[in-house]
Amino acid sequence: MSAAADPRGSVWRRWDPHIHAPGTILNNQFGADAWDEYLTRIEQSEPRIEALGITDYCLLDDYEAIRAHKAAGRLPNVELIFPNVELRLPTATARDHGVNVHLLISPEDPDHVDEAKRFLRTLRFESGGETYACERGDLMKLGRANGAPTMGDRAALVAGTNLFKVPLEVLKEAFKRSSWAERNILLAVAGGSGDGTSGVRDDGGSLAAVRAEIERIARVIFSSSPQQREFWTGRGALSIDELTTKYDGAKVCLHGSDAHSLERVGVPDQKRYTWIKGDATFESLRQACLEPRERAVVMEEPPSGALPHRVIDRISVTNADWLTESEMVLSPRLVAIIGARGSGKTALADLVAAGAGVTAAGESDQTFLHRARAHLGGTGVTLTWGDGQTTSVLLPTEAKPDDIPGVQYLSQQFVERLCSSEGITDELLVEIERVIYETHPYEERLGTSTFRELLDIRASYGRNLRAHANQEISSLSEQIDNERSVQARLPHLKRERDNLLKLLAEDKSARSKLVVLGGKERSNRLEEVNAELARRQGAVDELRRREQALVGLGAAIADLVSRRLPGLLSELAREHAAAGLTEEDWKSFSLRFAGNPDQIVDAASTAVSKDIARLSGTPLPQPQLPAAQLPSFVPDDMPLVSATLAQLKAEAWRLGELIGLDVTKQKQLNALNTKIAKNEALLVAANAGVASAEGAAARIAVLTSNRKQSYASLFDGFASEEKQLADMYAPLVEILSAEKDTLGKLTFIVRRVVDVDRWAARGEDLMDLRTGTAFRGRGELLRVASEALLPAWESGASSDVADAMGAFRAEHDKHILEQAKVSLTDPDAARAWAGEVSAWLNSTDHISVRYGVQYDGVDIEQLSPGTRGIVLLLLYLAVDQSDDRPLIIDQPEENLDPKSIFVELVHRFVETRSRRQIIIVTHNANLVVNTDADQVIVANAGAHRSGKLPEITYSSGGLENPEIRAHVCEILEGGRPAFEERARRLRIRLL
């Protein structure tokens, strides 16, 4: 390669493409004997100048003088010196200056000086009826013809040069007639307002057209204005396509010191230096014309690209006799590794990845490191990073799960696995989730390290809402089943009540017949006492039941206080441990009763005990005297309701004795009293049961409404989770919304996925499909559910879903009962079946919130592997903005059609290399030529060596290097056509 070739490829170098020298014809302010100082200033320039465009008007004299100084040993760091011949057009600016044009002449042709002079002589200017050529003799004649015939040679040359103006049509015709000029000269035009096209009077007519034509034929615009660069590179008022239509393409903007004095040598205004990416060769200038946006800038410092600690500067390999070079330097931007199949392209990528901590674990046996494992033992790989740090590994490497590799390596096997034709894999979803996660600012990640962790935290509210709603639905369904059981018992309860009324009537009639022997008054009194006795016994029994309930309530309260409430607090603290509250903080969350339930229960128990004692009275001792000698235990003037239970029992005994009941009848009377009291109590319970059963319908309606609300809450939970997912996608959606092409068609969707088949199958298992009318036969339930429930399940609001399920049940509950698989006359079986039906109807385990990727409205699962590959690469290149590690991709064009590569990937590689280093292994010319790769590494494998790896050689450089271009044309698919197409598209003649 030439002495100027850099193995690192296309790197930024400072150029001064417009600099005059001490012999310049016009406006020479250098003074006498200025050459040494002039050359010294260039040599000591900072930043260092590596390419000079030696400028003079109409002639090459200063250029030839500089070449002589270079040959004598001056300007050792300046690799390129080329002529910049400045001419003027007759088109005037607003300041009455002719528009300046420049001929930037390639020095690659050994005869370029003579050829350039020959071309200049074809440029003619007419004055005073004479035609003058652009050469020294004619310029002096022109000067003398318009001045004093006796003026000296220098004065005549200055005068003639000042007058010489080449018409635009003459210039265009000269280029048309000279194939040498078309190959070796780039036409530049000044873009300023003083002597450039910006100063041409815009009359909206002929002058505007002339200005447009001047700019159209130019390939270079001399301007330091950022606005002009934005315009001419398609980032301003006109797009690239519009520039092509109006001006024959984009233009590269350059700026020089335009030095006419020593003080200005290499010192442009505002430190607006020209930086061109590439070797210090004229071909790099041609490449800048091809890629004006990427190859040339005018600014104080060149674009920096990735951070130094994220750039692999070089790779060193030890103990590898199969490598002819032990060390290779790498470009910090876009590196393309090319070569024939089996040449060692992937070997270099694998070695770089291994040096950065990537292991072959989990990869297929197709990787170089795996296939060559037997020959790599003890081979060392060291990477030197841009900040001077190094990382080293000894092959073969083993996986370290806690280590994060220093690069992101998309091996061919990795991409094939993620984009397999078998369908989308979990690994691809994990990668997509990682990209989504990385779009979130660090402070919004809540201390998590993965997408799933962040989603679990952010979706916890909705998931908890669903869990609580499911618990409520289960509880309410159980209550509804209980109420329905109560409601179903109403006829039975009424029959029991009627039977009790009948028995009481019979027993009371029998009791009245037992006491008629002792006189009517005593019999009536005994009847009254016995009736009150039954009532009183029932009241005491009710109080004792209440007393027992209060004992149970007290025990439940004690259990809540000692065990259940502390358990709830512990569960709350566990579920929300991430809140970071201290143990002391959690004490403030202690669950307690608003009042003092123990005190209330104790007071109620005491009151009940007193009521029982008051109604029961003090048990009376067994009487020792005959009944006739005993006073009444309940005086006639005492209301029976004021007597105690003990008094009533004693008085009933005394009256029975006085009436003269024999022992048998007395026993019968006591038995009847006991039976009547018992049945009176049962009647109270029966009445309560009937009332409860009669009120069941109203309670069922309330419980059903509550269950409907809880069912709606389930979908509030789904909606909450959907919103959190949408919020998590928001940064990515914002990125995608501004994109075009494939990336603009890429959307991330959050949706409810309903497995209605599963839900219907579960329901069919609970029904006898041979009976009934609504759901007879398998599949009918699925049809009805798909029509009545599926739309609401998939996209309805919570109220919509609740209404849909309510309407479904209102219409079909009776049909489900008709087709019950169990006998509804079997209470236990019917109750168990009803519970299963309720759980099925209110279940949501067939519904899930899913998120995924769509391309142009089609789920990524349904895309071809090639399109999926495009999507995956776009995620890494355009969306994954936070990962600034070097990106290594092995043959990204596999399974992709050439059009997709050109349209979708090329400009993404170009954009991404400005923020992260990219290393691609490829055999596709589009990914090298049209991305304008900064460095091309050519791999070449030698002959097979028995028992050893073949020798592999790597050579490198930039696309501006003819040898590298030759390799690209020879090796890559579509190499030469890719170069020619790019040149045709960008209107540049390709050597």
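Which is Asn319, buried or exposed?

Reply: Asn319 counts as exposed, at 57% relative accessibility. The cut-offs are under 20% relative accessible area for buried and over 50% for exposed, with partly exposed in between, using a 1.4 Å probe and protein chains only. You'll find Asn319 in the loop between strand S12 (312-318) and strand S13 (327-329). Helices (H or I, at least four residues) and strands (E, at least two) are DSSP runs, numbered from the N terminus.

Before going on, a bit of housekeeping. Residues are numbered from 1 along each chain as its sequence is written, and side-chain values use heavy atoms, leaving out hydrogens and water. This is a predicted model, so local features need pLDDT of at least 70 and side-chain atom pairs count only at pLDDT 80 or more, while totals for chains, interfaces and linings use all residues. The mean pLDDT (the predictor's confidence in each residue, from 0 to 100) is 85, and 92% of the residues reach 70 or more. Over residues 985-991 the pLDDT is below 50, though this stretch has 26 contacts in the model beyond near neighbours in sequence. Contact here means heavy atoms within 4.5 Å.

Back to the backbone at your spot: Asn319 has a positive phi, near 55°, and is a residue other than glycine. Most residues other than glycine have a negative phi, and most peptide bonds are trans. Asp248 has a positive phi too, about 65°, and is not a glycine. Asp248 is in the loop between helix H10 (240-247) and strand S9 (252-254), and is buried, with a relative accessible area of 16%. As for peptide bonds, Glu46 and Pro47 are joined by a cis one, with omega about 0°. Pro47 lies in the loop between helix H1 (35-43) and strand S2 (49-57).

Now some strand residues. Leu104, in strand S4 (residues 98-105), is buried at a relative accessible area of 0%. Its contacts, leaving aside neighbours within four places in sequence, include Phe82, Ile185, Val220 and Phe282. Leu104 and Phe82 are 22 residues apart along the chain, with their C-alpha atoms 7.3 Å apart. Pro90 in strand S3 (residues 80-92) is partly exposed at 48%. Not counting residues up to four places away in sequence, Pro90 touches Lys165, Val166 and Pro167.

Then there's an open sheet of six strands, ordered S17-S21-S22-S14-S23-S24 with mixed pairing. Strands S17 (408-410) and S24 (952-957) stand at the edges with a single partner strand each, so one side of each is left without a neighbour in the sheet. Pairing takes at least two DSSP bridges between two strands. S14 (residues 334-339) and S22 (residues 918-921) pair in the parallel sense over four bridges, with Ile337 opposite Val921 in S22. Helix H35 (residues 962-971) lies across S14, strand S23 (935-941) and S24, at about 60° to S23. Axes are lines fitted to C-alpha atoms, for helices over the stretch in contact, and angles run from 0 to 180 degrees between N-to-C directions.

Last, helix H18 (residues 460-488) packs with helix H31 (residues 827-841) at about 145°, axes 10 Å apart. Ser477, Asp481, Asn482 and Ser485 in H18 meet Arg831, Ala834, Gly835 and Ser838 in H31.
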